[in-house]
Amino acid sequence: QVQLVEAGGGLVQAGDSLRLSCTASGRTSEVRGTGWFRQSPGKEREFVAAERGLGEKTYYSDSVKGRFTITRDIPNNTLYLLMSNLKPEDTAVYYCAATRKYSVDDFYYGQPSEYPYWGQGTQVTVSP
């Protein structure tokens, strides 16, 4: 099993930056992919960003490309999502997720159903 704990959410203004963290524990050596997703009230969980392997390849949704960046602190088993130039439409609960399955199919890493391990989520609210 892999346990994930997010932190770093909060209330910011449009244009501000924020850094979310996701600390993993348990069988972390078996993780082959990690992702960030978000969900707003009344909407389905949406792909934000993902990483195949340990930085082998990163993926971003079109809505955050150029503004959000995945980074990793390997010794501390922590994944970060650096968010800049935040917009009100970025308001959501943000979740990190992990999978022990490796795939060369880029499509795989954007699918919430492919991640068996999830954190509890952290709220990000961006005011106009």
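Author: Questions and answers on this predicted model follow, from the cores to the loops.

Reader: Which residues have the most contacts inside the largest nonpolar core?

Author: The largest nonpolar core has 25 residues. Strands that give two or more residues to this core include β1 (2–7), β3 (18–26) and β5 (46–52). Others on that list are β7 (68–73), β8 (78–83), β9 (92–99) and β11 (122–127). The residues with the most contacts inside the core are W36, L81, M83 and Y94.

Reader: How many residues are in the other core, the one with F37 and Y59?

Author: This core lies apart from the largest one. Among its members are F37, Y59, A97 and Y115. Its residue count is eight.

Reader: Is W36 buried or exposed?

Author: W36 lies in strand β4 (residues 33–39). Its relative accessible area is 0%. The cut-off for buried is under 20%. Therefore W36 is buried.

Reader: How far apart in space are W36 and S113, C-alpha to C-alpha?

Author: Along the sequence, W36 and S113 are 77 residues apart. In space, their C-alpha to C-alpha distance is 13 Å.

Reader: Which residues does L81 touch, beyond four places away in sequence?

Author: L81 is one of the residues with the most contacts inside the largest core. It touches L18, R19 and L20, and also V48 and A49.

Reader: What is the distance from the side chain of Y60 to the backbone nitrogen of I70?

Author: Y60 is found in strand β6 (residues 57–60). Y60 touches F47, V48, A49, K65, F68, T69 and I70, leaving out residues up to four places away in sequence. With I70, a polar atom of the Y60 side chain lies from the backbone nitrogen at 2.9 Å.

Reader: Which side chains make polar contacts with the side chain of R52?

Author: R52 lies in strand β5. At 10% relative accessibility, under the 20% cut-off, R52 counts as buried. Its contacts beyond four places in sequence include R32, K57, Y102 and Y109. The polar side-chain contacts are at 3.4 Å with Y59, and at 3.5 Å with D106.

Reader: Why does R67 count as buried?

Author: R67 lies in the loop between β6 and β7. Buried means under 20% relative accessible area. R67 counts as buried because its relative accessibility is 9%.

Reader: Which residues lie nearest the centre of the largest pocket?

Author: About 260 Å³ of space lies in the largest pocket. Its lining divides into nine nonpolar, five polar and three charged residues. The elements that give two or more residues to this lining are β3, β7, β8 and β9. Of the 17 lining residues, those nearest the centre are T28, V31, L54, R72 and N77.

Reader: What is the phi of N77?

Author: N77 lies in the loop between β7 and β8. It is partly exposed, with a relative accessible area of 32%. Its phi is positive, in a residue other than glycine. The value is near 50 degrees.

Reader: And where is N85?

Author: N85 has a positive phi, near 50 degrees. At 42% relative accessibility, N85 counts as partly exposed. N85 sits in the loop between β8 and β9.

Notes: Residues numbered from 1 in each chain as written. Predicted model: local features only at pLDDT ≥ 70, side-chain atom pairs only at ≥ 80, totals over all residues. Heavy atoms only, no water. Core = buried A, V, L, I, M, F, W, Y, C linked by side-chain atoms within 4.5 Å. Buried < 20%, exposed > 50% of the residue type's maximum accessible area, 1.4 Å probe, protein only. Helix = DSSP H or I, 4+ residues; strand = E, 2+ residues; numbered from the N terminus. Contact = heavy atoms within 4.5 Å. 1 Å grid on protein atoms, 1.4 Å probe; cavity = no way out; pocket = protein on both sides within 12 Å on 5 of 7 lines; lining within 4 Å. Points joined across faces, edges and corners; volume = space filled by probe spheres on them. Nonpolar A, V, L, I, M, F, W, Y, C, P; charged D, E, K, R; others polar. Polar contact = N/O pair within 3.5 Å; in protein donor to acceptor, adjacent residues only side chain to side chain.
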